[in-house]
Amino acid sequence: MSRGTYYITTPIYYPSANLHIGNTYTTVAADAIARFKRLTGYDTFFLTGTDEHGQKIQRLAEAKGVTPKEYVDEIVAGIKDLWKMMNISYDKFIRTTDDYHVEVVQKIFKKLYDQGDIYKGEYEGLYCTPCESFWTETQLVDGKCPDCGRPVEKTKEEAYFFRMSKYADKLIEYIETHPEFIQPESRKNEMLNNFLRPGLQDLCISRTSFNWGIPVTFDDKHVIYVWIDALSNYITALGYGQENDELYKKYWPANVHLVGKDILRFHTIYWPIMLMALGEPLPKQVFGHGWLLVDGGKMSKSKGNVVDPVTLVKHFGTDAVRYYLLHEIPFGQDGLYTSEIFIKKTNSDLANDLGNLLNRTIAMINKYFDGVIQAPTAKEKIDDDLIKVAIEAPSKVEEKMDNLKIPEALDEIWAVVRRSNKYIDETMPWVLAKDEDKKERLGTVLYNLVESLRIISVMLSAFLPETSDKINRQLNVSLATWDSIASFDGTQAGTKVGAGEVIFPRIDVEKKLEELSKLQQQQKEKAAASEEPKMEPIKPEITIEDFEKIDLRVVKVIECEPVKKANKLLKLKVDLGGEERQVVSGIAKYYKPEELVGKYVVLVANLKPVKLRGELSQGMILAASDEKDKLFVVDPGKLPTGSIVR
């Protein structure tokens with residue numbers, strides 16, 4: 001019988017590149033919560049997906065020579081493969097390019113516009129394309145984006161705005177009267193004091209400078225900007241605004257939106273205000289977890305410290321990765337990843353504690369009873385504490401999970417694991433086996449160990465599903481429901497166990513660290529070679545008067561030859577409206593002399609003459625270049641020589 005509904009979401013990920021271990025952390029945590037809710041009787045719906053529009057995607061696609069949809073299709077396929085590898089049990093995967101989502105987003109925009117919550121204006125500001133974010137001068141750090149450290153671009157364009165300010169007071173009141181809405185508590189204070197109370201500005205929600213987005217139906221030169229498009233996925237996925245909205249009626253409002261702390265503002269300010277404007281209920285909770293830090297900082301391609309979850313799974317297995325993420329990262333705070341800690345925790349907790357408990361138990365049943373589990377007919381007082389710890393654990397785990405204390409929930413499970421290992425040392429089955437009169441007692445001890453392992457396995461199934469399955473197969477468990485672990489009698493006497501297999505082999509720490517170090521270096525070199533070029537920062541503003549001081553003229557190249565003993569320089573003779581000039585240009589790497597003869601180019605005609613390698617240069621040829629060894633001289637077409645470039 002269902003204990004009610006439970007709706008949990010991850011953020012929808014931006015598919016500009018493959019996901020890293022930090023994204024995996026969010027999704028694995030959400031999966032553990034969803035699995036646990038299903039296990040304990042809740043009708044659960046788990047949503048994840050991808051946010052696929054925006055200028056960055058458009059530029060990346062153009063650079064690869066494919067359409068934006070083709071670009072994201074390839075990356076989304078990789079994301080789905082990753083979630084399959086990580087055993088993610090999502091109920092729906094939404095893409096913001098899905099037809100139903102596009103249609104409903106357009107309806108939402110029109111509704112908000114019709115009721116006066118959206119108006120047209122003009123946006124002028126500093127824009128970071130990779131982060132899809134606008135910033136003010138004061139928010140920049142060293143003149144660059146405060147989030148990613150990349151250059152920003154000055155942007156001025158017509159845009160639609162959402163009247164956030166209209167709902168600010170209402171949202172402040174809601175947050176203050178619903179203390180559970182923003183968690184952890186410290187994040188609530190940050191949102192109130194840093195963003196809401198100082199005064200909320202209206203939000204730019206459309207763009208005209210690119211077209212990879214959802215068009216505004218009544219003004220098609222505008223595309224709907226990320227906020228309404230991406231955030232509304234949490235309700236469009238359930239059928240909001242569609243003919244069949246049964247899932248929306250059943251599961252909304254969400255029990256928890258699980259997000260990284262860097263996008264908490266969007267989910268606790270922008271999103272609830274949009275819902276207020278639509279007249280819809282707010283999610284019950286938004287939980288902003290911390291970052292997974294590597295080498296003391298946030299993961300970044302440019303730093304070369306991105307950890308690939310696929311590599312970890314290939315080396316250690318899915319559940320070793322899941323265990324580290326779920327147990328070693330304090331939920332709600334920043335956590336640290338190092339390969340050394342990862343390997344040592346895998347050895348100590350998984351191989352030594354859990355794996356060894358299973359191996360010893362299976363081996364003793366096979367050795368002493370031909371693999372058959374005996375009935376517990378010879379109980380003694382020493383058994384009581386093990387049984388007490390085992391049957392009290394489920395309620396403790398549930399209490400921790402109700403408060404999203406995932407590492408602490410695993411601690412409660414490991415308390416049973418460690419108590420079971422201690423029980424082996426206390427009862428010493430190998431000594432009992434030497435006395436035929438103790439055979440019944442030996443059978444009881446081994447039954448107690450199997451039953452403890454069954455209870456452990458059921459609890460563990462939400463966190464380490466593969467491991468739970470392996471334990472169940474080796475013990476031949478037939479009863480694995482949550483209700484069945486309320487008492488210590490679910491193992492059937494007479495059941496034959498399997499042969500026993502090592503579920504977590506011990507890892508040679510030094511050897512594996514050396515192997516991973518070499519692999520990481522290879523990945524750094526590969527990433528550096530394939531990294532997308534970053535735009536050079538825009539130089540300081542000049543006035544029109546400054547620009548008019550530069551005299552740009554169309555010239556035709558008459559002659560061209562290399563400059564002796566200078567690998568990079570070419571010497572050009574150009575026709576400037578009947579006047580011949582000599583120009584020295586550092587473009588020998590990109591052009592052969594014969595390729596330039598007869599070509600029309602643009603010359604900075606009033607540049608002070610200089611000598612380069614003993615040759616007079618009377619001007620400068622204009623060219624455009626990137627960071628990938630590409631350079632092209634500016635082509636003005638075949639305008640008459642001497643024509644002014646304005």
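In this predicted model, Cys 128 touches Ser 133, Trp 135, Cys 145, Cys 148 and Val 152, leaving aside residues up to four places away in sequence. Cys 128 belongs to strand E4, which covers residues 118–128, and it is buried because its relative accessible area is 0%, where burial requires a value under 20%. Cys 145 lies in the loop between strand E5 (133–135) and strand E6 (153–162). With a relative accessible area of 2%, Cys 145 is likewise buried. Its contacts, counted with the same exclusion of sequence neighbours, are Cys 128, Cys 131, Trp 135, Leu 140, Arg 150 and Val 152.

An unreviewed UniProt entry places the feature "binding site" at Cys 128, Cys 131, Cys 145 and Cys 148.

The discussion now turns to the interior. In soluble globular proteins, nonpolar side chains tend to be buried together. The largest nonpolar core here has 102 residues, and those with the most contacts inside it are Leu 354, Ile 413, Trp 414, Met 459 and Phe 463. Beyond residues up to four places away in sequence, Met 459 touches Ala 393, Pro 394, Val 397, Ile 413, Val 416, Trp 482 and Ile 485. Apart from this core lies another, of 67 residues, including Ile 94, Phe 162, Ile 182 and Tyr 240.

Two packed helices are described by the angle between their axes and the distance between the axes. Helix H13 (residues 339–369) packs with helix H17 (residues 439–460) at an angle of about 145°, the axes being 10 Å apart, and their crossing is left-handed. On the H13 side, the residues in contact include Leu 354, Leu 357, Leu 358 and Ile 365; on the H17 side, they include Leu 446, Leu 449, Val 450 and Leu 453. By class, the contact between H13 and H17 has 14 nonpolar, two polar and one charged residues.

Asn 356 is also located in helix H13. With a relative accessible area of 33%, Asn 356 is partly exposed. Asn 356 and Phe 504 are 148 residues apart in sequence, yet their C-alpha atoms are 8.8 Å apart in space.

Helix H18 (residues 465–475) has as its buried residues Pro 465, Thr 467, Ser 468, Ile 471, Asn 472, Gln 474 and Leu 475. These buried residues pack against helix H1 (21–39), helix H12 (318–328), H13 and H17. Asn 476, which follows H18, has a positive phi near 60°.

Several backbone details complete the account. The peptide bond from Gln 183 to Pro 184 is cis, with omega near -5°, and Pro 184 is in the loop between strand E7 (182–183) and helix H6 (185–196). The bond from Trp 252 to Pro 253 is also cis, with omega near 5°; Pro 253 is found in the loop between helix H9 (246–251) and strand E12 (256–260). Leu 404, although not a glycine, has a positive phi of about 55°. Leu 404 is buried, at a relative accessible area of 6%. Arg 613, a residue other than glycine, has a positive phi near 50°, and it counts as exposed because its relative accessibility is 58%.

How values were computed: Residues numbered from 1 in each chain as written. Predicted model: local features only at pLDDT ≥ 70, side-chain atom pairs only at ≥ 80, totals over all residues. Heavy atoms only, no water. Core = buried A, V, L, I, M, F, W, Y, C linked by side-chain atoms within 4.5 Å. Buried < 20%, exposed > 50% of the residue type's maximum accessible area, 1.4 Å probe, protein only. Contact = heavy atoms within 4.5 Å. Axes fitted to C-alpha atoms, helices over the stretch in contact; angles between N-to-C directions. Helix = DSSP H or I, 4+ residues; strand = E, 2+ residues; numbered from the N terminus. Left-handed = near helix turned anticlockwise from the far one by under 90°. Nonpolar A, V, L, I, M, F, W, Y, C, P; charged D, E, K, R; others polar. UniProt positions renumbered as here; feature names shortened; annotations may be inferred.
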